[in-house]
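Here is a briefing on a structure. Sequence and model come first, then the notes by topic.

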Amino acid sequence: MRLSLPPSRTAGLVAIGGVGLYSLTLDNVKLSILVGVIATAIAALGLDVLVARTGELSLAHAAFLGVGAFTAINVGGQGGPWYLAILAAVAATAAAATVAGLPSLRIRGLQIAITTLAFQEFAEKFLFSRQDVTAAGESLTRPGFLRSDIRLYLFAVGCLAVVLVLRHRLAVTRPGRAFLAVRDVEARAQSFGVDPGPSKLLAYAISGAIVGLAGGLLALKEGSISAKDPFELLQSLELVAIVVVGGAGSASGIVAASVAITGFPQFFSRIPLVHLRADRVVPIASAALLVAAIVGQPEGVGGVLRLLGRQLDRRSRGPRPPPRPLPTDPVAAAHRAAALGRVPRGLSLRLPVRALLEADDVSVQYGGVAALSHVSLEVRRGEIVGLIGANGAGKSTFFNAVSGLAPVTGSIRFRGVELVGSPPSRRSALGAARTFQDMGLVRAETVKENLLLAQTWLARYGPLVGLLGLGSTLRLERDLRRRADMALELFGLDHLAGERLGDLPYGTMRIVEIAAAVAAGPDVLMLDEASAGLGPEESHALADRFLALRDELGLTLMVIEHHVPLIARVCDYTYCLESGALIAEGPPAEVTAQPEVIASFLGRAAAARGGAPS
Amino acid sequence: MTGPILEVQGLRSGYGALQVLFDVSFDVLPGEIVALMGSNGAGKTTTLKTVTGQLRVLGGHVRLDGDDVTGTPAEVLVRRGLSLVPEGRGMLRQLTVQQNLELGAYVIDDRSKVAAAFEQGYQAFPILYERREQRAGTLSGGQQQMLAIARALMSAPRVLLVDEASLGLSPVMTETAFDLIGRANRTAGIAVLLVEQNVLALDLADRAFVLEKGQVVDRAEGPAVRTMQGRLRQAYLGRAAAGGRTG
């Protein structure tokens, strides 16, 4: 049998195996300590779902841990079986975290951290001081098969494994990707079909459910928990410290940090050789470690592990691919990508309208400034329509009006359906996809992940079903991956699928964004400054692809563009805006010959060169 | 005869394991405009990041006024008279136009000089004066590019590095941006390095270098810059025409 794992994976497996074997030689006291460490690690992994995926900080995770533990003991005390106790702990904590997360619908960042602090205080001072909440005197009895410490330890390891799998599922399914989009490009996320509000609450619920499992595990370990036991603010801060030292987003880093920060002081009550008391030294050492971690390696233990892994793998991997799109035959590639156009939509939308997109007397006011005034235009099915005009003329504002990101008066109909008033996240499902001038994608993620993100509206499965991989989830995800591959190939980007988006040159990032919009299976593709960052040669190749998209995939395009040769070559019709109002429309050659257009957009020198600025 | 104000020799650098620059050499003489041409992914932005100390140098030298400043961070370079207009304009979107310009003058301690810089800046860019209380994030693309150039000029640099001034600008605005850069060069004698893929930049340039796959592969000066412009345009068109069949 040939082992095809990358060296970093092999090293990781060997390390896990080594630790696992070593732990089996430990005595019962130490095993019991380890169960506590694992519970802490699970709680930290739950907190990390929030920190890494949504960028928000909670100072109430110790309170959540308490909610989980006390719920389990209450259920156990009423004579409920152990598994019911654990399930109840998970559900109750998820609910508590969702409630604590409600303010995130309106506020972000530091303010959120402070509102969670209020929840922590409430739980600490009120909930946990009530005997009916803490179930004093009652206890959760372990089932027979978990009586021995080694079995409880193995059960805890099993819980940890479940959480790790869950985190992985989160990363490869719709909800996890939606969290990232809301974190980095909240307004833009809506154009992928992500609804930010529910998405945030779901993140709190998942985070809470994981912490609830940790609480249930603690309850199983202790049997009963006295009110004097802490689920206090200090422990919340400790969880935050573990996530920071471990490195947000890195499961292995966080587990390692949990062992270092909560395991060591209990494991070695005296540090061998120097005979210092660990419970005094470790807080100081971990404080120093915390500072050192943030200063030296902002990505924490996880960052160090990633670097090591990368160095191990580099020897086995070839040189990096060129960061530019590869030349491909656009017509043949479009034929291969024909399936991208076949996207199921509601039947009622198949209306026989001549114009796919109709704007009627559209105005947009920002403050007292009219960014768009009384613009009426139409985009017919199967056409490439250019939108030109000086910087600040209102071109992007028009796109924002169509995608629901600007306050509009007037009417915008898409396939005959009125868009004004419908939420932005619904419009992508109607079939309008777009790109943004300053990138509406997540730079920290890979090219492929971003293409999956752009297809969020196509991932029609519920979050729970998705996380558990049930029903049609796996098939749907496979479809999304195939669509992403097709779109990447169409734009000559297949060799860059695994690269981090932010590492690519600007022009290439822009093409990735166009590919992502195409992958979303739109009827009309709205591209804001499509060729910015590209030289004449690449612009020309891009224009070939536009023609292929129109002719082979039957797409309709609306393109904001400054590159006149590209407009002249691909556009069937062109509109020119000036100070928010239309000043010209018609075939590109006619529009670019009009004196007003020359004055406001082309410039006389460029016009004299026949509209070829570069 | 003075030597070059900025001299880059055999520069090599990259991101982590990925080497992007293999051998980049060029120089800028006092008071001249030099164009560094290259297509998407050729290493243009990487060159500027390396010169301004934002990336680790793997080899080669950067000299400012003959002094070795290889790996010197941007905040030191700006005090020594080198100013950068970054790609994507690098606006502080939440700050007003005025506040952005104040930041540009951060290294100047003399208040009267700052006031003079403001006056000059607003004179050259009247639209910025009109919008001085507006947040930079609400400006249009062209206005942001003007602000980026104006901000870089606030520190009274002797050499100005401009990363793709034409990016995202309409043709007429591109001309305006190049005009403003040309004027700063003529009136204040500021040496300029224009890093571009728009061959229009060669209209301004006294000398030019061509960057390809992290290496300088061609250079021209005087009348040869014009022939280079024709050659680049021809090369692009030729390859583009071939690309019409194969991509």
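Chain B has eight helices and ten strands. Both kinds are DSSP runs numbered from the N terminus: helices are H or I with at least four residues, strands are E with at least two. This is a predicted model; local features need pLDDT of at least 70, side-chain atom pairs count only at pLDDT 80 or more, and totals for chains, interfaces and linings use all residues. Residues are numbered from 1 along each chain as its sequence is written, while chains are lettered from A and ligands numbered from 1 in the order in which they are written.

**Chain B overall**

- The radius of gyration of chain B is 18 Å, which agrees with the value near 18 Å for a compact globule of 247 residues. It is taken over C-alpha atoms, and the globule rule is 2.2 Å times the number of residues to the power 0.38.
- The C-alpha trace of chain B spans about 55 × 40 × 40 Å along its principal axes.
- Buried residues make up 48% of the 247 in chain B. Buried means 20 or more other C-beta atoms within 10 Å of the residue's own, exposed means 12 or fewer, and partly exposed is in between; C-beta atoms are placed from the backbone.
- Of the contacts in chain B between residues at least 6 apart in sequence, 67% join residues at least 24 apart. A contact needs C-beta atoms, placed from the backbone, within 7 Å.

**Nonpolar core**

- The largest nonpolar core holds 258 residues. Such a core is a set of buried Ala, Val, Leu, Ile, Met, Phe, Trp, Tyr and Cys residues joined through C-beta atoms within 7 Å.
- Helix α2 (residues 28-54) of chain A gives this core its largest share, 15 residues.
- A:I42, A:A487, A:A515 and B:L194 have the most contacts inside the core.
- Beyond its neighbours within four places in sequence, B:L194 touches residues including B:I33, B:L36, B:V162 and B:L204.

**Chain A against chain B**

- The contact takes 40 residues from chain A and 31 residues from chain B.
- On the chain A side, α20 (506-519), α21 (536-551), α24 (595-602) and α25 (604-608) each supply at least two residues.
- α21(A) gives the most, with six residues.

**A hairpin in chain A**

- Strands β9 (residues 573-578) and β10 (residues 581-586) of chain A run antiparallel, joined by five bridges. Strands pair if DSSP finds at least two bridges between them.
- Two residues separate β9(A) from β10(A) in this hairpin, and A:S579 in the turn has a positive phi of about 45°.
- A:T574 stands opposite A:G586 in β10(A).

How values were computed:
Two residues are in contact if their C-beta atoms, placed from the backbone, lie within 7 Å.
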